Amino acid sequence: MEDDIISILFEKKIDSDMFNFCSEELTRWEKAKRKYSDELFMFIGERVHPKSQKKLEQLVEKYVEAKNQCFYIENKMYYKSGFVDGMNLIHESCNNR
């Protein structure tokens, strides 16, 4: 994605931990994510042939990283769209006076 001002603002907010989403639901899902990750890797360790374990773990980690990158890009796009929507609302309200 191009480095426009809105993208730079989004990245700076991410870097400085300015997105502080305190939510019971989010906390619950983060705990569930850790639990399922532990269960998945325990399953791989117990049930997958030792010669295939490392490769499967690497594939899972690559998949998760790709999924995380998709979420990051989507969030950046949502942020940009929300910013543009806000600017359009301000513009429209100024034009309707």
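## A buried lysine

Let's start with Lys76, which is buried, with a relative accessible area of 5%. Keep in mind as you read that this is a predicted model. Because buried means under 20% relative accessible area, a value of 5% puts Lys76 in that class.

Lys76 does have a charged partner: its side chain meets that of Glu11 in a salt bridge, 2.4 Å from N to O. Lys76 belongs to helix H3 and Glu11 to helix H1, so this pair ties together parts that are 65 residues apart in sequence. Glu11 is partly exposed, at a relative accessible area of 24%.

How many salt bridges does a search of the whole structure find? It finds three. In one of them, Lys80 pairs with Asp4, and the closest N and O atoms are 2.5 Å apart. This pair links distant parts of the chain, since Lys80 sits in helix H3 and Asp4 in the segment before H1, 76 residues apart.

Another salt bridge joins Glu39 and Lys35, with 3.6 Å between the closest N and O atoms. Glu39 is partly exposed at 37% relative accessibility, and Lys35 is partly exposed at 45%.

Helix H2 covers residues 24-47, which makes 24 residues. From its first C-alpha to its last, H2 reaches 34 Å, close to the 34 Å expected at 1.5 Å a residue. Where H2 starts, a side-chain oxygen of Ser23 comes to within 3.3 Å of the backbone nitrogen of Glu25.

Helix H3 takes in residues 50-95, with 46 residues in it. H3 reaches 68 Å from first C-alpha to last, close to the 68 Å expected at 1.5 Å a residue. Along with Lys76, Gln53 and Val60 are buried in H3. What covers the buried residues of H3? The cover includes helix H1 (5-15) and H2.

Ile5, Ile8, Leu9, Phe83, Met87 and Ile90 make a nonpolar surface patch of about 540 Å². Two or more of its residues come from each of H1 and H3. Leu9 is found in helix H1 and is partly exposed, with a relative accessible area of 37%.

Methods
Residues are numbered from 1 along each chain as its sequence is written. This is a predicted model: local features need pLDDT of at least 70, side-chain atom pairs count only at pLDDT 80 or more; totals for chains, interfaces and linings use all residues. Side-chain values use heavy atoms; hydrogens and water are left out. Helices (H or I, at least four residues) and strands (E, at least two) are DSSP runs, numbered from the N terminus. The expected span of a helix is 1.5 Å times one less than its number of residues. A polar contact is a pair of N or O atoms within 3.5 Å; within protein, one must be able to donate a hydrogen and the other to accept it, and residues adjacent in sequence count only if both atoms are side-chain atoms. Buried means under 20% relative accessible area, exposed over 50%, partly exposed in between (1.4 Å probe, protein chains only). Contact means heavy atoms within 4.5 Å. Patches are made of residues with over 30% relative accessible area and no salt bridge: like charges are joined within 9 Å, nonpolar side chains (Val, Leu, Ile, Met, Phe, Trp, Tyr) within 5 Å. Accessible areas come from the Shrake-Rupley method with a 1.4 Å probe; for residues, only the protein chains shown count as cover. A salt bridge is a side-chain nitrogen of Lys or Arg within 4 Å of a carboxyl oxygen of Asp or Glu.
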